[in-house]
Amino acid sequence: MKILVTGGAGFIGSHVVDAYLAAGHAVVVVDSLTSGRREVLNPRALFVELDIRDPALREVFERERPEVVNHHAAQAAVPASVADPVHDADVNIMGTLHLLELCREFGVRRFVFASTGGAIYGEPERLPADETHPTRPLSPYGISKMTGEHYVRCYGTAMTWAILRYANVYGPRQDPHGEAGVVAIFAHAMLAGHRPTIFGDGTQSRDFVYVQDVARANVLAAESDASGLANIASGEETSINDLYRRLAELTGFREPPVYGARRPGDVYRIALDPRRAEEWLGWTAEIGLSEGLRRTVDAFRR
């Protein structure tokens with residue numbers, strides 16, 4: 001089938017594009033290259049450089065007639081959303097709504113939405129948080145993704161949908177200069193001989209899931225006919241201090257971290273329950289943290 005992937009030149013999106021192509025699907029990538037990079041684009045995908053808010057996106061739908069739309073284009077940095085919530089809402093809410101309207105107009109069969117489990121639940125009442133946990137985001141980014149989910153459900157009379165709430169995704173191609181990827185930031189700094197900064201005391205925790213596992217979840221979500229919502233996660237809680245230690249061992253880095261003030265909008269502890277993804281999609285994370293970090297560090301070395 002033909003799948004249109006927004007944000008397909010980004011970190012996660014480019015891996016999703018690779019997985020769709022490997023599964024035998026035709027792929028059209030729409031990316032503004034605001035944070036995406038041409039060099040990670042799969043040459044087998046048709047590429048259109050365009051912002052999802054641009055009215056010219058209608059011409060892409062009219063010409064390509066995708067059966068499935070996979071929506072990864074986003075303003076994805078929590079600190080950036082705190083600094084400029086209006087821009088965050090414009091990209092993540094209005095951009096998603098523009099895309100959904102085009103899907104309805106051109107008869108798209110299925111919509112796959114990349115959401116966030118790391119930011120949408122807020123400070124969890126229980127760990128790991130499952131999909132029934134209250135959504136009380138602490139940042140504009142979490143709010144905009146939660147709003148996007150509501151719009152996706154609202155359009156469910158026109159198409160089937162899949163909402164994937166990601167844990168902290170990491171792996172090759174992640175931008176070490178961005179705000180959203182602690183693994184990439186730490187690994188890049190350590191390999192360059194610089195001391196990374198931990199914002200807070202390092203006891204805060206995250207649920208890390210390897211990007212190729214995430215890409216596989218997107219293939220399963222696109223090929224399913226059932227509407228649904230699921231966490232895409234390892235289900236394991238890892239402290240930032242422990243992550244630092246693991247990466248220091250892999251890179252041979254021997255210096256302690258720099259500790260800075262905790263950032264506004266960041267949750268303190270989070271881990272997600274992935275059991276619904278297994279029940280609905282037959283998906284479980286296959287690459288553990290030790291192996292995933294090794295692969296990521298090797299990729300950064302290259």
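Q: Where is Asn70 placed?
A: In this predicted model, Asn70 belongs to strand S4.

Q: Is Asn70 buried or exposed?
A: Asn70 is buried; its relative accessible area is 0%.

Q: Which side chain does the side chain of Asn70 make a polar contact with?
A: That of Tyr20, at 3.0 Å.

Q: And what else does Asn70 touch, not counting residues up to four places away in sequence?
A: Besides Tyr20, the list holds Ile3, Leu4, Val5, Thr6, Val16, Val112 and Asn218.

Q: Buried or exposed, for His72?
A: His72 has a relative accessible area of 13%, and because the limit for buried is under 20%, His72 counts as buried.

Q: What does the His72 side chain make a polar contact with?
A: The partner is the side chain of Tyr166, at 2.6 Å. Setting aside neighbours within four places in sequence, His72 is also in contact with residues including Thr6, Gly7, Ile12 and Gly13. Val16, Ala114 and Asn218 are among its contacts as well.

Q: Now the sheet. What is the order of its strands?
A: The sheet is open, with seven strands in the order S3-S2-S1-S4-S5-S6-S11, and the pairing is parallel. Its edge strands are strand S3 (46–49) and strand S11 (228–232), each of which pairs on one side only. From one strand to the next, the twist averages 20°.

Q: How many bridges join S1 to S4?
A: Strand S1 (residues 2–6) and S4 run parallel and are joined by four bridges. Within this pair, Thr6 is opposite His71 in S4.

Q: Which strands does helix H2 lie across?
A: Helix H2 (residues 57–64) lies across S1, strand S2 (26–31), S3 and S4. Relative to S2, helix H2 runs at about 175°.

Q: Changing topic: how many disulfides are there?
A: The count is zero.

Terms used:
Residues numbered from 1 in each chain as written. Predicted model: local features only at pLDDT ≥ 70, side-chain atom pairs only at ≥ 80, totals over all residues. Heavy atoms only, no water. Buried < 20%, exposed > 50% of the residue type's maximum accessible area, 1.4 Å probe, protein only. Polar contact = N/O pair within 3.5 Å; in protein donor to acceptor, adjacent residues only side chain to side chain. Contact = heavy atoms within 4.5 Å. Disulfide = S-S within 2.5 Å. Helix = DSSP H or I, 4+ residues; strand = E, 2+ residues; numbered from the N terminus. Pairing = 2+ DSSP bridges. Axes fitted to C-alpha atoms, helices over the stretch in contact; angles between N-to-C directions.
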